[in-house]
Amino acid sequence: MRPFLFSKSSAANQALAKKNHSTQFIAGGTNLVDLMKKHIANPESLVDISSALPNKVENTTKGISIGAMMRNSATANDAIILAKFPLVAKAILAGASPQIRNMASAAGNLLQRTRCPYFYDVTTPCNKRQPGSGCSAINGENRMSAVAGYSEQCVAVHPSDLCVALAALDASVVVNDKDGKTQTIAFQDFHRLPGNTPQKDNNLPANALIRAIEIAANPFAKNNAYVKLRDRDSYAFALVSVAAALHLNGDKIVEARLASGGVAHKPWRWLAAEKYLKGKTANIANFEAAANIAIKDLKPLSHNGFKIPMLKGAIETALKQCLDL
Amino acid sequence: MGFFDETFDLMAPNDRRVEGVAKVTGAGKYAAEYKVDGLCHAVLVGSTIAAGTIKNINVDNAKQVSGILDIVTHLNKPLVPGLADEAKIKEARLGLAIFHTDKIFFKGQPIAMVIAETLEDATYAASLITAEYEKTDAHVDFDAALKKVPLTPAGKERGNIETLNKATQTVEAEYNIKAEVHNPMEMHATIAEWKADDKLKLFDKNQGVNSVQRTFAKLFNIPTDNIEVISEFVGGGFGSGLRVWPHALACIMAAKQVKRPVKLMLTRPQMFYSVGYRPAAWQKIKLGANSDGKFVGIHHQAKNGTSVYENFNEGITRVTRLIYHFDNLKTEAATVPLNLSTPTWMRGPGDCTGDFAIESAIDELSYKLNMDPVALRMKNLALDKHPDNGMPWSTNYINECIEKGAQMIGWKDRKPAHSQTIDGDWSIGYGMAVGAWNAGRGNASAGIQMQKDGAIIVQTAMTDIGTGTGVSMQNIAHEQTGISKSKINIELGNSNLPPAPSQGGSNGLSSIGGAVVAAVSALKLKLAGYAAGQNEAYQNAAPADILLSDSGISLKTPNEQFISYAALWEKNNLDVLEVEASSGPGAERQKYAFCSSAAHFCKLRVNRKTGKVKLERMVTVADGGKIISEKAAANQMSGAAVGGIGMALMEEQQTDERLGTLVGNDFAGYHFPVNSDAPIIEVAFVNKPDPNINPQGSKGLGEVGIIGTAAAIANAIYNATGKRLRDLPITPDKVLLG
Ligand SMILES: Cc1cc2nc3c(=O)[nH]c(=O)nc-3n(C[C@H](O)[C@H](O)[C@H](O)COP(=O)(O)OP(=O)(O)OC[C@H]3O[C@@H](n4cnc5c(N)ncnc54)[C@H](O)[C@@H]3O)c2cc1C
Ligand code: SF4
C-alpha cells in the first residue's frame, strides 16, 4: 500500500474542504482498504468521514432518509426499515458477512467497486482500472459478468445487494457537492452503464459526498422478497439476485417492482415485466410469464449463458416468495 | 450455559485439546507471531509474466523508500551452496531455485525480495519494483493442454481389459475436476535467525520440523543439528506444509543478506501460487459388471496438472487398486505441464480425485443394473485381501462403515429411481460413496520427562496441525501409565525434541502412538531400576508387570509393592527423569495389508428453478481402528467432510490461458464452504482396534473423511434430479444446464 496522510473530519463541509482528486473519503473502509492494498486505489490522503455524516434512519415528510454513515447491520436491524421497507433489510442481510456489514456504510455500499477478478489484478488489462488497456473479461473468465447493458469496453456488474432493493424501491441519493450545494439523484440515474467510460461507475459529481439515501413511502412493505443465488449459501457475491415487491389488492397486482443484481453494470430494473404484472392476478402462471419477458432480450457472454435460466428461476422464486408460496 | 461450556455434549467424551486454551486465548503463537529482537521484514515481488527470462529488474524507486535494508534478486543474493549450479539445483529437489535463476516458469514466481525495517515499508517498496522480460509462450489451461500428453501405464494390468466388452452393463464416462487450493487459515510464514555463520533458528509454518531441518541443512551444507525449527502451533495445513517451499528459503537468505532476523509471511494472494494446490484432473472410466452385479473390470485413465519445472504425479489411479476386486484392470496416467507453480498433496491426495470418478461410475452402473448402490458395492468389496498385492488385510471394516452409515441416514427411504421425491421447486435425493486409504506408519521417537510429583511431559518433534496429535498422545500416555491427564503435559513441534516424521498421509498418530508406548515402557523400566534398589521384587520386571499411578510405582502382583515417586527421588537423589524411545513398522508389514476406510452418505435437495443444492444431512462412518480421542477424531472427519463439500460444490481455481494467469486470488472469489453450506456432519466410528498396525491399534483418519464425499454428493444430485454431473465443482450453473 502506498503511504498516505490520514485525517478525520467531524462535519461534512470540513470533509468537503479537504477533498481533491488525490484525496479519498473513507467510511467503513471495507472496500477502499482492499483496493489500496491491491494498488487499485492509490490516494495520497484519506479523510475519515465516519463522524461527519448522519448515521440514523429518520422519518421525513415523504418517507424516510437513511444517513450515509449508517452501518449496514444497523440499517438491517432498524425498526423503521423493518416496518416500512423490509426489502432493504433482506437485501443487506443477503450480502457480505456480519463483520463486514458491521463496518460497511450505506453510502460506501453504493460506491463499492465491481468484483470483476481482472479489475482486482493490476497485472491484467482492464478498462475500468486503466482506461484504454482493454477488457480482459469480455473474452475471458466472464462467468460472473453482465448479460445486459454492457459495452465492448466493460462487461462488469455492480456487486451490491442493497442497491438492488433501493433500485426496486425507487430510492434517491442525496448528494452534497464541493460547494456545499445539495442535489438529489434518482436511484435509477445514480449508477451508470459502462459505455465508453467504464472507469466511471456512477454519476456522483467529482469530490462530492453522499449525505443520505431517501425512500418515499410505498405500499410494498407486505409482499416483498429478495432472492440471491451464489456459489455458496452465504458470504458470496451474487451470480444473480432479484428484489421483488408486489402491491396487491386481493389477488390482483396493483403494482409490481422487480430489480436484479448480477445482470449489469448497475442494478437492473425489469420494467417490461413489471408492466406486464400490473393489473394481473398474482399467480404462478403470470409470474412465469413475467420472468419470460424479463429474460427475453438478454445477451450472455461466453461463460454466463446459465444466467438466463437462473434469472428466470430467481424471478419466479422471488415473486412466489412475495406471496409466501 | 453456552456453547463452550464443559457440559456441551455433541459427540460425547470430554477430551479437551491440550492446546485448546492456548489457541482460543491467543497465548499460543503461530510462526509469524514470535517476537524476536531486531526483527525486520521481507516481502516477495512476483513475476508479472508466466514464462520467459528476466532481462532487467528495476529496483531504483524501491530503494528510495525509507527503511529499506536491501533488495534481493537473482543478481544480488547470498549464494545458497545447495543451489550453486544446475546439478546441485536438481539434486536439491526444492523445485523452484528461488533467486538462483533468471527463468520464469509461472506468474507470481518471486523475482525480487525487499527487506525493510517495517512490513509496511517493505510492502510499499515491493510495489515499486518493475522488471523487463523476454516473454515466451505460456500455457495454463489444463483442459486444452491435456490433449497433447499421451497416457502411459500406471501399474500392472490385471487380467485382460478386453474382457470388459463382455460385461452385461458398462459405464464409460469422463470426469473433470478443477484445481483446488489448500488455503489453511494461517498463512505460511517463516522467521529466520542466523545465530552463527552455521547456526540457524527458524519459526516456521510446516507439517514436519525434521524435514525442514534436513532440507536446509543440505541447502546450506551445515549439520542438521545446527538448525532449530519451531512449529509449536500450526493453523491448518491440509498438505500445504508437507513440502519445504521456496519462500522459507527466501526468508533464510534475507536473514543472511542483512545479518538480522527476518520475518516473511505470504500474503493471502501469494498463498494461491506459493505452497501448492490440488491439481486439476481429467479422468476416463470404463466400468463393467455382470447382471448379478459382479464387477467384470475397470479401465481407469487419469491426467493431472503439474508445473513446467517439476513433475508431480498425484497417483489418481492408486485407489482403483484398493477398495474393490476387479479381475480385469488397467490403469493409465499422465501429468500435464503448465506454467503454474507446482501442485502438491492436498487432503486425500490422488485417491480423493480418483475415487470421485470410480464412485460416480459405480453409482451410474447401479441404476443400469437396477441394483441398490449399497448392495452393488457390498458385492464387490475386497474384504479378504488387498486386491492389488494380495496380502490379507490386518483389518478392514469398510462393510461395517457402509452398513452403519446406511442405517444412520435412513437409506431405506431412498427411492431407487431418480426424481421421485418432489417438494415444490425442490427435488430430494440420497447418495452414497465410499473411500479408503492405505494406512501407513513411520518411525517416530518420543521422550518423557518425569518430576518427583509424578507429573510427566511427553515430547515429540511431530507437529499438531490441528488434528489433535497432542490430545491423542496425552490419551495414550494416560492409558499406558495410569497417570491422570491433568499431570500429563505435551510438548511438540520443535526439532529439539525426539525426531518424528512429518504429519501427513494419515500417518501422524499411527507413527507417534507407538513411540509414546515405547517411551512409557522405557520410563517404567527406568523407574523399576531405581525401585529395585529398594525392593528386589522389581528386579527383571517387564513393562507389562509394572503399574504407574499419580503417586508412585507398583507391580501387578497381589501385594503390589507400592513405592512412591517421592521415596524413589529422595533415595536416588533424582531431579528430572528422562527417557526417549523409538518405534516403527516391522515384520507385520510383510504379513498384512493395512487400510482405513469410510462410507459417506448424504441427503440433499436441489432447486430445479435455480440450480441451488442444499445439503440436508451428511453421515460419515469411518474405520480408523481404535479411536484414541473421539472428539479430535470426529473433528477430523467432519472437517474433511466439509472439505469434501467444497470440492463437490464450489472450490475452483480458475485460469486464463490468454493472460497466462490464475483468475482471482482472494476469499471473495475462491469459495470454500461456510457454516450454512454444511449440515452438522453426523460422524460415527467402527472403533475396533487393528491388532497389528501399531501398539495402540489406531489407523489414520485424516484422509478418508474426504475420499468419497464429493461422489456421495454428486450421486445424491443424480438421485434427486436425474442429472449425472461429472465435472467438479458442481456449481448452480452446472446443475441448471446439466
Ligand atoms: C469479502 C467481502 C464480501 C462482500 N460481499 C458483499 C455482498 O455480498 N453484497 C454486497 O452488497 N456487498 C458486499 N461486500 C461489499 C461491502 O458491502 C462494501 O465493501 C461496503 O458496503 C462498503 O462500505 P464502506 O463504508 O466500508 O465503504 P468504504 O470502503 O469506506 O468506501 C468505499 C468507497 O465509497 C466512498 N465513500 C464512502 N462513503 C462515502 C460518502 N458518504 N460520500 C462519498 N463517497 C463515499 C469511498 O471514498 C470509497 O471510494 C463485500 C465486501 C467484502 C470485502
Ligand atoms: S469487465 Fe470491466 S472491470 Fe472487468 S476487465 Fe473488463 S473492463 Fe475491467
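Guide: Helices (H or I, at least four residues) and strands (E, at least two) are DSSP runs, numbered from the N terminus. Please keep in mind throughout that this is a predicted model.

Visitor: Over residues 25-137 of chain B, how far apart are the end C-alpha atoms?

Guide: UniProt, in an unreviewed entry, lists residues 25-137 of chain B as "domain: Aldehyde oxidase/xanthine dehydrogenase a/b hammerhead". Over this span the chain is 19% helix and 31% strand. The distance between its end C-alpha atoms is 50 Å.

Visitor: What are the helix and strand percentages for residues 1-220 of chain A?

Guide: Residues 1-220 of chain A carry the UniProt annotation "domain: FAD-binding PCMH-type", again from an unreviewed entry. The end C-alpha atoms of the span lie 45 Å apart, and its content is 25% helix and 17% strand.

Visitor: Which strands stand at the edges of the six-stranded sheet in chain B?

Guide: The six strands of this open sheet follow the order β7-β15-β14-β13-β8-β30 in chain B, with mixed pairing. Two of them have a single partner strand each, so one side of each is left without a neighbour in the sheet; these edge strands are β7 (152-153) and β30 (727-728) of chain B.

Visitor: Within that sheet, which residue of β15(B) is the bridge partner of B:Lys303?

Guide: Strands of a sheet pair through backbone hydrogen bonds, either parallel or antiparallel. Here strand β14 (residues 295-307) of chain B and strand β15 (residues 328-338) of chain B run parallel and are joined by 11 bridges. On the β15(B) side, the partner of B:Lys303 is B:Ala334.

Visitor: In the four-stranded sheet of chain B, by how many degrees are neighbouring strands turned against each other on average?

Guide: This open sheet has the order β20-β19-β18-β24 in chain B, and its pairing is mixed. At its edges are β20 (488-491) and β24 (577-583) of chain B, each pairing on one side only.

Visitor: Are α16(B) and α17(B) parallel, perpendicular or oblique to each other?

Guide: The axes of helix α16 (residues 630-649) of chain B and helix α17 (residues 709-721) of chain B come within 8 Å and cross at roughly 55°. The crossing of α16(B) past α17(B) is right-handed. Angles of 65 to 115 degrees count as roughly perpendicular, and α16(B) and α17(B) are therefore oblique.

Visitor: Is the crossing of α13(B) and α14(B) left-handed or right-handed?

Guide: Helix α13 (residues 508-532) of chain B and helix α14 (residues 565-572) of chain B have axes that come within 10 Å and cross at roughly 65°. That angle makes α13(B) roughly perpendicular to α14(B). The crossing of α13(B) and α14(B) is left-handed.

Visitor: Where is B:Phe238, the residue with a positive phi?

Guide: B:Phe238 has a phi of about 60°, a positive value, although it is not a glycine. B:Phe238 is placed in the loop between β11 (227-230) and α7 (246-258) of chain B.

Visitor: Is the peptide bond from B:Leu728 to B:Pro729 cis or trans?

Guide: B:Pro729 is in the loop between β30 and α18 (732-737) of chain B. For the bond from B:Leu728 to B:Pro729 omega is near 0°, and the bond is cis.

How values were computed
Residues numbered from 1 in each chain as written. Chains lettered and ligands numbered in written order. Predicted model: local features only at pLDDT ≥ 70, side-chain atom pairs only at ≥ 80, totals over all residues. Heavy atoms only, no water. Pairing = 2+ DSSP bridges. UniProt positions renumbered as here; feature names shortened; annotations may be inferred. Axes fitted to C-alpha atoms, helices over the stretch in contact; angles between N-to-C directions. Parallel < 35°, antiparallel > 145°, perpendicular 65-115°, else oblique. Left-handed = near helix turned anticlockwise from the far one by under 90°.
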